[in-house]
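Dear colleague,

The notes after it set out what was found.

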Amino acid sequence: EKPLDLMSKDERELMNGDFVFVPHPELVWQPAKILKDNGETVEVKTYPDGKKVTVTRGIMRDALTGGRTQNVELWKVTLSSLRMPEDDLVMLDDQNEGLIIHNLAELYKKDQLYTWVGAARSVLISVNPYKNLPLYGPETIELHRFRPPNKPLPPHVFDIANDSYESMLFENKNQSVLISGESGAGKTVCTKQVLDFLAAVAGSSNSLEEKILVCNPLLEAFGNAQTIRNNNS
């Protein structure tokens with residue numbers, strides 16, 4: 001971070017004091033700096049927009065929560081954690097709902113859709129960008145199939161597919177990839193991305209993987225109905 005001597009007055013003021021998470025009507029949680037702790041209520045200034053609000057410890061349900069019932073625990077957070085998101089949630093300073101949501105949101109702003117959960121690299125969080133991104137071409141497949149030893153790569157769904165493929169290939173064990181999420185989260189697209197990767201790196205003499213990809217619209221028709229986020233049927 002910037003040395004204290006090079007900071008402006010506002011930056012030095014920002015460094016002093018405690019930061020916590022308070023409710024937000026749309027984002028669910030937002031960071032804020034404590035201005036005055038009155039015991040049952042706390043006066044804060046939201047970060048980074050600087051709005052002054054008063055929150056209540058415990059159960060809140062008002063305009064600040066967007067009408068939701070939220071239990072306000074005022075989780076503490078450091079300014080460095082707010083500014084430097086981690087690509088592995090286990091590396092966060094603390095494990096709470098506010099910091100996890102903030103971390104995912106900060107990565108999302110940079111079009112970094114994927115976040116690991118743990119050093120085993122077997123659990124991956126994916127956030128639907130609702131737009132096309134150049135993250136899934138042949139070059140990316142090649143990069144994650146043969147990962148450079150001295151160059152860390154950002155988390156990617158291809159890493160999950162590649163680890164499953166290698167475990168099947170070298171350990172001779174059947175593999176399963178569990179993809180879960182609410183309606184519209186991108187489960188179907190994620191499945192296609194895993195199949196695309198396997199089709200590219202494994203292949204087959206009778207193009208079985210291509211037949212699976214072609215059958216996907218038919219599989220989508222079973223058990224799916226219209227929701228507020230998509231219209232599969």
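Predicted model: local features only at pLDDT ≥ 70, side-chain atom pairs only at ≥ 80, totals over all residues.

Residues are numbered from 1 along each chain as its sequence is written, and side-chain values use heavy atoms, with hydrogens and water left out.

The chain has 7 helices and 9 strands, these being DSSP runs numbered from the N terminus (H or I and at least four residues for helices, E and at least two for strands). Of its 233 residues, 31% are buried, where buried means under 20% relative accessible area, exposed means over 50% and partly exposed lies in between (1.4 Å probe, protein chains only). Among the contacts in the chain with a separation of 6 or more, 41% come from residues 24 or more positions apart, a contact being heavy atoms within 4.5 Å.

Helix α5 comprises residues 157-171. Its 15 residues should span 21 Å at 1.5 Å a residue, and the end C-alpha atoms are 21 Å apart, which agrees; the expected span is 1.5 Å times one less than the number of residues. The buried residues of α5 are Val157, Phe158, Asp159, Ile160, Ala161, Asn162, Ser164, Tyr165 and Ser167, and what covers them includes β8 (114-116), β9 (124-126), α4 and α6 (187-201). After α5 comes Asn172, which has a positive phi near 55°.

The packing of α4 (residues 138-145) against α5 has an angle of about 50°, with the axes 9 Å apart; axes are lines fitted to C-alpha atoms, for helices over the stretch in contact, and angles run from 0 to 180 degrees between N-to-C directions. The two helices α4 and α5 are therefore oblique to each other (under 35 degrees counts as roughly parallel, over 145 as roughly antiparallel, 65 to 115 as roughly perpendicular and the rest as oblique). The crossing of α4 over α5 is right-handed, that is, the near helix is turned clockwise from the far one by less than a right angle. From α4, Thr140, Ile141, His144 and Arg145 make the contact, and from α5, Phe158, Asp159, Asn162, Tyr165 and Glu166. By class, this contact has 3 nonpolar, 3 polar and 3 charged residues, with Ala, Val, Leu, Ile, Met, Phe, Trp, Tyr, Cys and Pro counted as nonpolar, Asp, Glu, Lys and Arg as charged, and the others, Gly among them, as polar.

For α5 and α6, the angle is about 50° and the axes are 9 Å apart, and these helices are therefore oblique to each other. Here α5 passes α6 in a right-handed crossing. Val157, Phe158, Ala161, Asn162 and Tyr165 of α5 meet Cys190, Gln193, Val194, Phe197, Leu198 and Val201 of α6, a contact that by class has 9 nonpolar, 2 polar and no charged residues.

Two residues of helix α3 (residues 97-109) complete these notes, and His102 is one of them. His102 is buried, with a relative accessible area of 13%, and, leaving aside neighbours within four places in sequence, it is in contact with Phe21, Pro31, Ser81 and Leu82. Leu107, also found in α3, is buried with a relative accessible area of 3%. Not counting residues up to four places away in sequence, Leu107 touches Pro85, Glu86, Asp87, Gln112 and Thr115; the C-alpha atoms of Leu107 and Pro85, 22 residues apart along the chain, are separated by 6.7 Å.
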